[in-house]
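The following exercises are to be worked through with the sequence and the model in view. Each task is followed by its solution.

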Amino acid sequence: MKKFLLLAVVMFASLTVSAQQKVGTFSVIPKVGFNLANLAGDVEGNSMKFGLVAGGDVMYQVTPTIGVSGGAFYSMQGCEGEGDTSFSLGEINIPLLANFYVAPNLALKTGLQPGIIASAKSKSGDHSHDVSSSCQTIEISVPFGISYEISDFVIDARYNLGLSKINKNSGSQRNSVFQITVGYKIPF
């Protein structure tokens, strides 16, 4: 039993040690996951909305401890309102991140994330209304996150803090999004 446990630990360690990229290399990381989104600012009575996120990053390993990445993701965001009301945003997010490896295969991430609002709908009961014309076209967020690499798999958790308001005309509503994704690193 002890030999089996030791063998399992050695195999796991060898997988995780090989996950971090070599300096000067690129990789593509397709990812899928989910969001828990809400709106912050001058809103009351809203709650988190579950949504899906899918897309990918391209990463370049600058030094053994620093990587930079850029990506594109389709993200379902918004919030649930009181009763049977909701507000749904479909965004194309473009995260530009610095990845700081603080331990083998463990990275802290931060950067800037422009988002293009592709759709915006308000729903009350069975009635849905397109409200895209009253929303900004582009919004800016600051992502903060952590990721862990196991072999070529990447588990990523982020919080996207909205800086710009969503509504063109009034209010100070901005995005507040928790995001969990799983990806697969493909070196090239």
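Buried means under 20% relative accessible area, exposed over 50%, and partly exposed in between, with a 1.4 Å probe and protein chains only. This is a predicted model, in which local features need pLDDT of at least 70, side-chain atom pairs count only at pLDDT 80 or more, and totals for chains, interfaces and linings use all residues. Residues are numbered from 1 along each chain as its sequence is written, and side-chain values use heavy atoms, without hydrogens and water.

**Exercise 1.** Determine whether I116 is buried, partly exposed or exposed.

*Solution.* I116 is located in strand β6; strands are DSSP runs of E of at least two residues, numbered from the N terminus. Its relative accessibility is 34%, so I116 counts as partly exposed. I116 also belongs to a nonpolar surface patch of about 1000 Å², whose members include F34, L36 and F178.

**Exercise 2.** Describe the surroundings of Q113.

*Solution.* Strand β6, residues 106–124, contains Q113. Q113 is buried because its relative accessibility is 3%. Beyond its neighbours within four places in sequence, Q113 is in contact (heavy atoms within 4.5 Å) with residues including N93, E139 and N160. Between the C-alpha atoms of Q113 and G162, 49 residues apart along the chain, the separation is 9.1 Å.

Methods. Helices (H or I, at least four residues) and strands (E, at least two) are DSSP runs, numbered from the N terminus. Patches are made of residues with over 30% relative accessible area and no salt bridge: like charges are joined within 9 Å, nonpolar side chains (Val, Leu, Ile, Met, Phe, Trp, Tyr) within 5 Å. Accessible areas come from the Shrake-Rupley method with a 1.4 Å probe; for residues, only the protein chains shown count as cover. A salt bridge is a side-chain nitrogen of Lys or Arg within 4 Å of a carboxyl oxygen of Asp or Glu.
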